[in-house]
Amino acid sequence: MSSDETNLQKITYREAVREGIREALQKDERVFLMGEDVGRYGGCFAVTKGLLEAFGPERIRDTPLSESGFVGAGIGAALGGMRPIVEIMTVNFSLLAADQIINNAAVYLYMSGGQFNVPIVIRMATGGGRQLAAQHSRSLEGWYAHIPGIKVISPATIEDARGMLWTALQDPDPVLIFENSSLYNMEGTLAADAGPVDIDKARVRRPGKDITLITYSASLHKSLAAAEILAKQGVEAEVIDLRSLRPLDEKTFLDSVVKTHRAIIVDEGWRSGGISAEISARIMEGVFYDLDAPVERLCSVESPVPYARHLEEAMLPQVDQIVNLIQKMVGAHG
């Protein structure tokens, strides 16, 4: 066994997020966590289990069911020099705090003439696939990516789940972290000394030459699975993990499209007005004459998320749909 292998530890996505929070609390006394059930209950997805016992109620604060209230308190704490991590159970409930996020956190720097930054980090779960029904399964990260003044990031890997938080806390402006709830049980390996990662650059997760697959979060893993199937058929798909939806690292995916001449965007969000529409438009604006085929998008069916498992699976993008669409694109255009 090599020294690199002995340095690796098995860990779940949930544990990786928790370790990122634990490290931030240890490194900076200004950091504290607050939200509904983050303390005694350990978080609605058990992400924060054990942190109350380790750090006490001053730094792990349970809040009432009042998203607007505790997000507003986090904004005030950030303005006062603290580094709050605010947890909202799921993106669906963030709508109750949308006024605080959009009308306060996102604009305070601009409205104060550059005098006051709001260094707040807001975490929330997103996405479907867990039979949590319509009010608990939306993917609204693309909707938040429409808003200037905030950053929107979405870790898809164990490394990013562990490492994005500290980098976000160093940012002087509001950062929203969207963790797909279907990833919390995902297992992987992580270096014992893993640290912060950048939150600005997309990553090429799989190199290829025939088509570019642009995606993020849980859809990354479906795209990688599809790329493996296609590779056995002689089609090499390059898979791009966006990681940040605002700002978009368009250079990485435009460079890839110039190389492969085809692009498909896989997005768990809805098609109309979604982040996939923005990416498609940027490809058309930037590298239209390099395309050998129209840009395609694979998004969720435009309906509320069903509770029934078979209907929910039918609504969300799946591996076989990615494979079929790419086969059609490559076959139809040589």
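Let us begin with a term: a residue is called buried under 20% relative accessible area, exposed over 50%, and partly exposed in between, using a 1.4 Å probe and protein chains only. This is a predicted model, in which local features need pLDDT of at least 70 and side-chain atom pairs count only at pLDDT 80 or more, while totals for chains, interfaces and linings use all residues. Residues are numbered from 1 along each chain as its sequence is written, and side-chain values use heavy atoms, with hydrogens and water left out.

With that in hand, take the cysteines Cys299 and Cys44. Cys299 counts as buried, at 12% relative accessibility, whereas Cys44 is partly exposed at 28%. A disulfide is a covalent bond between the sulfur atoms of two cysteines. Searching the whole structure for such pairs turns up zero disulfides (sulfur atoms within 2.5 Å).

Now step over to Ser244, in strand S12, which spans residues 244-246 (strands are DSSP runs of E, at least two residues, and helices runs of H or I, at least four, numbered from the N terminus).

Finally, visit Met284 in helix H12, residues 275-287. Met284 is partly exposed, with a relative accessible area of 36%.
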